[in-house]
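Me: I have a model open and want to learn how to read its features. Can we go through it step by step?

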Amino acid sequence: MFEPLRYPALALTITVVVAGGCVPVWAGAPPSFHNEVMAVLSKSGCNQGTCHGNAHGKGGLKLSLRGQDPDADYITITRQSAGRRVTPLIPAASLLLQKPAMEIPHEGGRRFPTESEEYRILRDWVDAGLPKDDDSAPSLIGLTVTPAHRTVHAPDVSVSLNAMAAYSDGSTADVTGLTVFDSSATFVTVTADGVATAEQSGTTTVVGRYLNQQVPIRLEFVSARPGFEFHTPPPVNFIDEAIFAQLKRLMMNPATVCDDMTFLRRIHLDLTGLLPTAEQARAFAASEQPDKRKALIDELLASEEFNDFQALRWADLLRVEQKTLDKTGVDVFYNWIRSSFAENKPINQFAAELLAARGSTYKVPPANFYRALRKPEERAEAVAQVFLGIRLQCAKCHNHPFDHWTQDDYYGWSGFFARIEYEIVENKRRDKNDKHEFTGEQIVKMANKGEITNPKTGQSPGLRFPVSGENNVANDPGAAGVEQLDRLQRLAVWMSDAGNERFAATQANRVWGQLMGRGVVEPVDDFRSTNPPSNPELFDALRDELVTHDFDVRHLMRVILNSATYQLSSSSDETGDQPEGSFAQVMPRRLTAEQTLDAIGQVLDVPIQFGGHELGTRAGQLKGVRNGGHRYSPPEIGDRFLTLFGKPDRLQTCECERTNETTLAQTFEMVSGEIVSTLLTQSQNRIERWLNGGLNDAEIVDNLYWSALSRSPSADETAASVLHLERQEDRRRGLEDVVWALLNSNEFLLRR
Amino acid sequence: MFRLRSLAEAAAVNRRDLLRIGGPGMLGLTLPKLLRAQESQGTAAAPEARAKSVIFLFQWGGPSHVDTFDMKLTAPQEYRSKYSPISTSVPGMHVCEHLPETAKMMHHFAQIRTVHHTMNNHNSAGYTALTGVEPPIDDQRLRDSLDLLPAFGSVVDAVAPNRNEMPTFVSYPHTIADGSTTPGQRASFLGKIHDPLFIPNDPNAADFELSQLSLPSDVSLGRLSDRRELQKLINRQVRGLDESAAAKGLNAYYEKAISMLNSRKVRNAFDVSSEPTELREAYGRTTYGQGCLLARRLVESGVKFVTVYFSRNIGGRSKTDGGWDTHGFDDTRMYEILPEWHLPITDHTLPVLLKDLEDRGLLQDTLVMWFGEFGRTPKINKNISRDHWPKCYTALLAGGGVKGGAVYGASDKYGAVPDRDPVTTGDLTATMYSLLGIDHTTEIRDNLSRPLPIANGRPVTEIFA
């Protein structure tokens with residue numbers, strides 16, 4: 001085996017010339033492998049996932065992803081390829097230098113020139129005999145990038161970022177030149193020496209990464225707006241104050257508050273998943289009550305339909321699905337979820353009951369949560385994602401590349417869930433080969449032993465909470481003096497504690513995202529230092545509001561719904577792009593699968609068939625994924641529509657499983673598909689009843705518009721519709737055309 | 001047509017516009033996902049495109065490699081095929097006696113005889129073959145969830161979509177399943193927008209049509225146009241709404257759907273009945289045979305990726321139906337079944353398709369792939385049949401950019417394990433993307449935003465022409 005040569009004397013002779021003082025230097029010492037060589041490999045992109053950091057490496061060289069394993073990389077560089085990568089006798093002949101400098105062909109192109117600082121560091125390290133840092137070498141303990149937040153006003157379009165590293169020996173160094181800067185927005189570029197420049201106005205998060213430390217920097221670039229005057233609707237509460245303060249800084253006016261009918265339709269869809277009926281719409285339009293919006297918010301929050309709609313969302317997240325839970329399980333679990341919202345159970349208590357649940361899945365409804373999650377790792381990932389907004393999955397196979405989670409954190413957290421066992425009372429599954437199928441009662445139990453080991457170390461890392469600063473269960477409020485609690489009961493106590501800011505923030509952000517279409521942290525379950533909230537003041541305030549009001553979700557919703565921000569219009573006179581997450585206006589979005597189908601059913605006033613459900617059940621009321629009780633029978637018309645429009649299969653504990661994207665297949669369904677045309681031509685639908693009721697064309701058209709769009713038709717629309725009807729031999733056919741046009745209109749299909 | 005695609009094209013020129021369209025609150029047209037995929041192609045240059053389209057003939061159930069294309073003439077009797085070998089258009093190469101027409105076309109095929117993976121069950125192996133990646137567990141009822149990888153055609157639709165009016169990815173005539181739907185047939189986390197245009201109808205049926213392109217019987221194109229005018233009038237009413245990203249997205253889809261309904265070209269592409277009777281007979285009047293003919297029509301009209309599934313189920317016990325899963329269960333016998341059903345169909349379709357493509361000058365631009373989810377046990381079982389064998393089996397590639405007559409890799413004398421040049425399903429996938437001119441290291445992102453390469457392997461460039 002090749003042993004690195006050491007030239008201690010030579011190291012002393014190296015003249016350290018540091019351009020701009022941007023490299024940490026320990027006087028007289030050769031470059032540190034951990035602190036400098038590894039940083040060069042990251043800064044030059046060598047260990048990116050697309051290059052040598054790939055699971056299979058590139059061109060025969062495989063480095064650890066983003067340099068997370070310096071010891072392995074040291075061996076790779078110094079020992080593999082018969083030592084050709086590094087030749088201390090003739091440093092410049094090392095592949096480590098020749099390849100990235102493109103002195104010989106390199107598929108990845110030229111990463112740095114021979115006269116660069118990067119080249120110097122690598123060469124000096126090779127020249128010094130490939131020293132490996134010993135245990136006494138200073139290690140990185142902190143990274144600070146300044147400014148952490150900056151608003152840049154035109155004509156300035158750039159800001160200089162400065163990175164300072166702190167080491168275990170108490171020293172600090174300017175590491176700007178060795179720090180990788182990545183911007184989340186593509187219109188901002190950051191040069192190698194840390195100057196961020198924007199091509200247009202907007203906001204971005206730049207992440208500075210040096211070795212294993214990452215720091216987010218929030219930058220706002222504001223265009224020149226001579227004569228700009230800031231106007232807002234009157235702020236109603238802290239939400240508006242936080243939103244408007246940010247918009248003022250960005251020199252951007254929010255939209256005006258939307259009109260009553262837009263508000264009516266928006267809030268009905270958001271809280272109940274349904275359209276307002278024509279009667280409700282006409283009554284709201286006619287009402288002169290000054291606080292009628294506030295009154296409507298209270299009315300809908302207290303409605304049964306609200307409970308249905310909340311239950312639907314949480315049934316998605318908690319995997320209420322028939323194959324694993326069976327029909328009884330789906331029923332009892334769904335009913336428990338729904339009644340939890342009906343009785344306004346605090347959301348932390350809801351979480352605690354789920355986490356600590358055990359017993360018969362038929363008699364203890366929340367025990368179905370664990371029935372659906374059969375493995376410790378699955379449970380750990382689900383709980384982290386749903387309740388703490390952490391996507392830990394990356395850390396299963398390697399340390400998380402965009403956060404600080406390590407594999408030990410992952411397996412330490414999984415340890416909480418290691419002792420769940422199932423007593424399968426009976427399993428009358430139909431498919432004996434299907435290990436996911438369970439039909440029959442089960443009892444979820446806690447064993448008194450069982451641990452999880454990290455497969456890389458073979459050791460059990462001990463229980464760990466996946467929240468920074470609390471990676472030690474000694475901090476756990478359930479631990480002191482309550483020895484009879486098992487680990488999941490302790491976890492439930494910890495999770496639901498009012499001091500658990502991460503839980504509260506995750507739930508507050510979920511509620512905000514549900515109503516606004518986008519979280520303050522987005523995606524709503526992807527909290528990490530490199531994905532900060534778009535408005536930190538708002539984020540903190542929402543969390544605090546939830547905590548101070550005892551985790552009352554209805555209360556938080558009421559505050560949000562009454563804010564001017566929620567009630568803003570979807571159109572704006574602002575010409576520029578709205579920065580992501582500024583909430584300066586409402587962004588229209590497509591109705592969900594259930595909302596679309598129920599709205600069609602409402603307009604035509606026809607019930608829609610779902611497998612295993614009584615006729616008259618709405619899409620938003622379905623308990624399982626489809627076909628309650630009839631998983632093997634072919635899907636009914638309603639089931640097919642919901643699948644096509646993105647109702648999730650509930651195999652993941654992620655809101656991302658529900659897809660609200662529009663597809664060509666959906667458009668064909670709306671235009672010419674079997675489902676819509678069946679409902680349209682059904683003899684018992686509303687068209688027929690109005691025809692038989694003796695209404696004239698204009699009256700029927702008026703009714704249809706109120707039913708579908710919550711407004712009367714414009715003069716143009718009435719004229720065009722009536723003319724169309726007059727031209728038809730068959731009035732009914734003409735009316736079907738009018739309804740088709742309404743159901744296919746943007747105004748119908750979008751929530752705005 | 002393909003308004004959204006042209007938006008993506010525009011993105012190549014002006015990425016900022018695309019971002020604006022793909023901004024917050026949009027319908028989730030997934031353009032940002034696409035954009036990331038494009039960006040992540042990074043500095044590595046895309047390989048030269050040797051093929052413009054792919055026809056993927058997926059052999060569900062798992063054909064026996066040692067009874068078709070990798071016959072082991074010197075293996076002991078308990079291993080050796082009961083069929084006789086016949087010589088082919090490639091000197092020294094043999095195929096089984098029940099593939100006489102195919103034998104004449106073997107100079108067009110490259111064979112990879114060492115494809116291998118570790119999945120023994122149909123669903124997990126099928127997913128592996130359809131995506132190139134093994135699932136986390138070898139599960140007989142592997143669940144089709146969004147954390148699994150997308151079908152090849154969906155990846156192509158995401159990273160290198162069609163620029164013409166035809167869809168990128170079409171699949172038919174079955175959704176394959178073994179107890180539960182086999183994952184790997186759709187777009188998974190890439191989003192429904194990249195799902196195939198799937199045709200559940202039998203191309204051999206007299207009334208075969210693309211259901212998506214058929215209007216209800218009482219709706220004529222004229223009536224649809226009246227409806228569309230009323231719809232457009234409503235869309236003009238709300239100030240500003242039509243300018244929103246969400247409305248623009250919807251409008252683009254309506255334009256595309258309506259123009260497809262009106263398009264003679266699209267309709268015509270799916271009209272197998274307009275093919276000459278002799279040609280239809282030559283392909284065989286079976287669902288699969290006419291599916292192969294339809295595949296030719298589709299690539300001819302510009303579809304980029306066509307997947308034809310041999311059968312809906314794994315089959316193996318019937319002489320008139322089903323896939324290649326010939327265990328010999330229930331007193332059935334593989335050696336009796338294959339010459340009655342699977343091999344004649346294969347011998348009707350593979351050589352005819354190649355000839356047809358060649359006659360029309362399409363073969364050089366069309367990659368044809370033929371393989372299943374695994375091969376079958378080298379040793380004949382007690383039912384005088386063969387069981388599952390993923391450790392070594394054969395894939396056929398022909399046409400666009402492939403060296404005809406090439407054989408890459410060799411199995412041992414039993415056909416049991418690779419003897420030389422083993423090829424993973426990831427390598428096979430990389431080969432396919434590479435031939436299509438797609439950098440096989442391109443990354444796509446899953447729902448957790450984890451970057452994943454579209455192929456876990458390296459292209460087998462040795463079979464490139």
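Me: In which sense do β11(A) and strand β13 of chain A pair, and over how many bridges?
Reply: Strands of a sheet pair through backbone hydrogen bonds, either parallel or antiparallel. Two strands count as paired if DSSP finds at least two bridges between them. Helices (H or I, at least four residues) and strands (E, at least two) are DSSP runs, numbered from the N terminus. Here, β11(A) and β13(A) (residues 442–446) are antiparallel, with two bridges. In β13(A), A:Val444 is the bridge partner of A:Gly359.

Me: What should I know about the model and its labels?
Reply: This is a predicted model: local features need pLDDT of at least 70, side-chain atom pairs count only at pLDDT 80 or more, and totals for chains, interfaces and linings use all residues. Residues are numbered from 1 along each chain as its sequence is written, while chains are lettered from A and ligands numbered from 1 in the order in which they are written.

Me: What is the order of the open sheet of four strands in chain A?
Reply: The order is β2-β10-β9-β6, and the pairing is mixed. β2 (149–153) and β6 (180–183) are the edge strands. From one strand to the next, the twist averages 25 degrees. β6(A) and β9(A) (residues 202–210) run antiparallel, joined by four bridges. A:Asp182 stands opposite A:Val207 in β9(A).

Me: How many residues of chain B are in contact with chain A?
Reply: Contact requires C-beta atoms, placed from the backbone, to lie within 7 Å. By that test, 64 residues of chain B touch 64 residues of chain A. α8(B) gives the most to this side of chain B, with ten residues.

Me: How far does α8(B) reach?
Reply: The expected span is 1.5 Å times one less than the number of residues. α8(B) (residues 245–262) has 18 residues and reaches 26 Å from its first C-alpha to its last, close to the 26 Å expected.

Me: Which residues of α8(B) are buried?
Reply: Count neighbours: a residue is buried if 20 or more other C-beta atoms lie within 10 Å of its own, exposed if 12 or fewer, and partly exposed in between. The buried residues of α8(B) include B:Gly249, B:Leu250, B:Tyr253 and B:Lys256. In chain A, buried residues make up 50% of the 752 residues.

Terms used. Axes are lines fitted to C-alpha atoms, for helices over the stretch in contact, and angles run from 0 to 180 degrees between N-to-C directions. Two residues are in contact if their C-beta atoms, placed from the backbone, lie within 7 Å.
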